[in-house]
Amino acid sequence: MSSPRQIPSILVRSYRIMHRLPIEGGAFRDVLAFTAHHWGKQPARLAIIMTAMLASTMADVLTPLYSGQLIDAVSRGAAAEATAWDGALAAFFMLVALALAAMVMRHIAFIGIVDLTLKMTSDITSDAFHRVQRFSSDWHAKSFAGSTVRKITRGARALDLLNDTILILLFPSLIMFVGSTALLGWYWPGMGLIIACGSLVYCVMTIMLSLGYVAPAASLANSWDSRLGGALADAISCNAVVKGFGAEVREDKRLAKFIAKWKHRTRRTWVRGTISSTIQGMTLVALRAAVIGYALLLWSRGQATQGNVAFLLTSFLVLHSYLRDLGTHVRSVQRSVNDMEELVDIQSQPLGVADRPEAKPIRITKGQIDFENVHFHYGDHRLRLYNDFSVSIKAGERVGLVGPSGSGKTTYAKLIQRLYDVSGGRVLIDGQDISNVTQASLRSQIAIVQQEPILFHRSLADNIAYGQPGVSQAEIEEAARLASAHEFIARLPKGYGTLVGERGVKLSGGERQRVAIARAFLANAPILILDEATSSLDSESEMLIQKAIERLMVSRTTLIIAHRLSTVRALDRLFVFDRGRIMEEGDHATLMSLDGGIYRRLFERQALGLTKSLSGPFCGPPLP
Ligand SMILES: Nc1ncnc2c1ncn2[C@@H]1O[C@H](COP(=O)(O)OP(=O)(O)O)[C@@H](O)[C@H]1O
Ligand SMILES: [Mg+2]
């Protein structure tokens, strides 16, 4: 019987691990099918594990039989005749042999499971990573990186529990149940029937109690556990605000409410766990009474010897020890299926933007970009951002994109990279429809400095060389110099070897931009896109970088998105975006000549603002 003290600790573990609502049949089926599919990849290993488990459990099934024979032999009395000795010795050797065999077999099975699980975990983790990397930008925009990471690691860990529970615990329990029932039924059919029926009732009841009574309460408790964690994190991470308003007591009270709710839910779960385990225990007591009673009956009728009674009792106790923890095993399976559900789901989600089966690498020689009657809207938006949008950028042209934020400039750059598929029309590069080429080939030939550059938590050198792995340190430094990044990098204690912190948090916005610009310089691609790449720089650094960018733009198609119009005024052509349309286009002079034009108005306002903000002792020459 499970000791009552054991239950809370099991539940503590379960409520910590399980953070999700109960699963329905579909998920159960999917996860088990997924697991079976991965088992199927290692058939020989699985066969060895199951055979070894079968053998070791059969040894457990047979052990009571020889214990009975030993007792029979011993009980023939001290007047030990030779036959009694022989019988006792034979039983003794069998018992030792069985124990040894069980141990060796179990060892083989466990080693097999170690390898099985490790291989499955590695496969599953790398499959998930492979897929997540190829999901569309839209998918990534909608999912939190942290939660995706958790889904993968938690799912992989749950697989370990699932393998162990099914192969080492549930499978042997089944063999034990069938084996003992058959063996006892062979000698005493009535006893076989009692054990078979009693165990079945026990199993069905345990499963029902675990899944129908304890699990729902546990998942509610878990959701409060998560909320409690969330409340703690929220208040602690905003501690500066709490302090600022002297609101510690208010936060204490707020947390107390969460704790009270959590306590209530968790108590219910633990109590249900205890009740369920007591009911299970009582069923086992009833079964035990029936088995012992029937054994006595057989003995009194002379149908069973002392040894037989010992055999019956030990057999029942061994079976009992296997069945006792069935409820825990069932909950473990449920918990691991729960934890694996989202990981399995990753494999079945569509990629969003997928390469066509016949897709070939794109060949960009000139860098002409055409949008032909493009329709586009973001997933859940009802209004189209681009409606029948057509525009051409000539090979080697240098184009500036300006306009209010939210007008669709970044989206334009994203569509060129095919981060999203258009819903109508085509985007062509050098005459090739980009939806027909491989995404990797397309994006590797477009160098981009994103609006909010993201850096890896790797060394600065690795970050700069990302677009062109294998370049020399001298080339990296050259690119950094061009991007005005060399100076600040050289000043860091570890220079180019400095790790930049998650997503580059250890650098200031301007420094991050300069590293990203250096990265784009090195990538040496025929198409260059700078999306507000210099927005966080002071005007002096911007001017320095501007020179480098000018050199880089030679013989490359370049798109520069900028808020500061002074950044783009010298370019060949400017597009003035507004709500997904190009309202004005032409070079600076043309746009300035438009009476009442948007560009002219914006430019004049910015020039005025700049002169004002620069007026003072450090004022430079006023902008035209
Ligand atoms: N991933 C996205 N999902 C949904 N809407 C988006 C997404 N990205 C941008 N938008 C919306 O599309 C419009 C254009 O955005 P964007 O191209 O980034 O503008 P800009 O770069 O000109 O500031 C905005 O209204 C913005 O809210
Ligand atoms: Mg933008």
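Analyst: The account below begins with the basis of the model, turns to the salt bridges, and ends with other places in the chain.

The structure is a predicted model, in which local features need pLDDT of at least 70 and side-chain atom pairs count only at pLDDT 80 or more, while totals for chains, interfaces and linings use all residues. Residues are numbered from 1 along each chain as its sequence is written, chains are lettered from A and ligands numbered from 1 in the order in which they are written, and side-chain values use heavy atoms, with hydrogens and water left out.

The predictor's confidence in each residue is given by pLDDT, from 0 to 100. For the protein chain the mean pLDDT is 87, and 92% of the residues reach 70 or more. Residues 1-23 stay under 50, and the model has 55 contacts for them beyond four places in sequence; a contact means heavy atoms within 4.5 Å. The pLDDT is also below 50 over residues 612-624, a stretch with six contacts beyond near neighbours in sequence.

A salt bridge is counted when a side-chain nitrogen of Lys or Arg lies within 4 Å of a carboxyl oxygen of Asp or Glu. Across the whole structure, the search finds 13 salt bridges. One of them pairs Arg418 with Asp421, whose closest N and O atoms are 2.7 Å apart. Burial is judged by relative accessible area: under 20% is buried, over 50% is exposed, and values in between are partly exposed (1.4 Å probe, protein chains only).

Another salt bridge joins the side chains of Glu542 and Arg564, at 2.3 Å from N to O. Glu542 belongs to helix 18 (residues 539-553) and Arg564 to the loop between strand 8 (557-561) and strand 9 (573-578), so this pair ties together parts that are 22 residues apart in sequence. Helices (H or I, at least four residues) and strands (E, at least two) are DSSP runs numbered from the N terminus. Glu542 is buried at 6% relative accessibility, while Arg564 is partly exposed at 25%.

The side chains of Glu604 and Arg600 also meet in a salt bridge, at 3.3 Å from N to O. Because these two residues are four residues apart in helix 20 (residues 598-614), about one helical turn separates them. Glu604 is partly exposed at 42%, and Arg600 is partly exposed at 24%. Elsewhere, salt bridges that share partners join Glu397, Arg573 and Glu585 into one network.

Asp123 is in helix 4 and, with 18% relative accessibility, counts as buried. Leaving aside neighbours within four places in sequence, Asp123 is in contact with His38 and Lys41. Asn163, in helix 6 (residues 145-187), is buried at 0%. Beyond four places in sequence, Asn163 touches Thr35, Trp39, Leu116, Thr117, Met120 and Ile168.

Ala483 sits in the loop between helix 15 (473-482) and helix 16 (486-491) and is buried, with a relative accessible area of 0%. Arg514, Ile517, Ala518, Phe521 and Ile545 are the residues that Ala483 touches, not counting those up to four places away in sequence.

Asn373, in strand 1 (residues 369-376), has a positive phi of about 45° although it is not a glycine. Asp388, in strand 2 (residues 386-393), likewise is not a glycine and has a positive phi of about 50°. Asn373 is partly exposed at 40%, and Asp388 is partly exposed at 45%.

Finally, there is the matter of disulfides. A disulfide is a covalent bond between the sulfur atoms of two cysteines. Here one is counted when a pair of cysteine sulfur atoms lies within 2.5 Å, and the count comes to zero. The sulfur of Cys197 is too far for a bond because the closest cysteine sulfur, in Cys203, is 12 Å away. Cys197 is partly exposed at 43% relative accessibility, and Cys238 is partly exposed at 33%.
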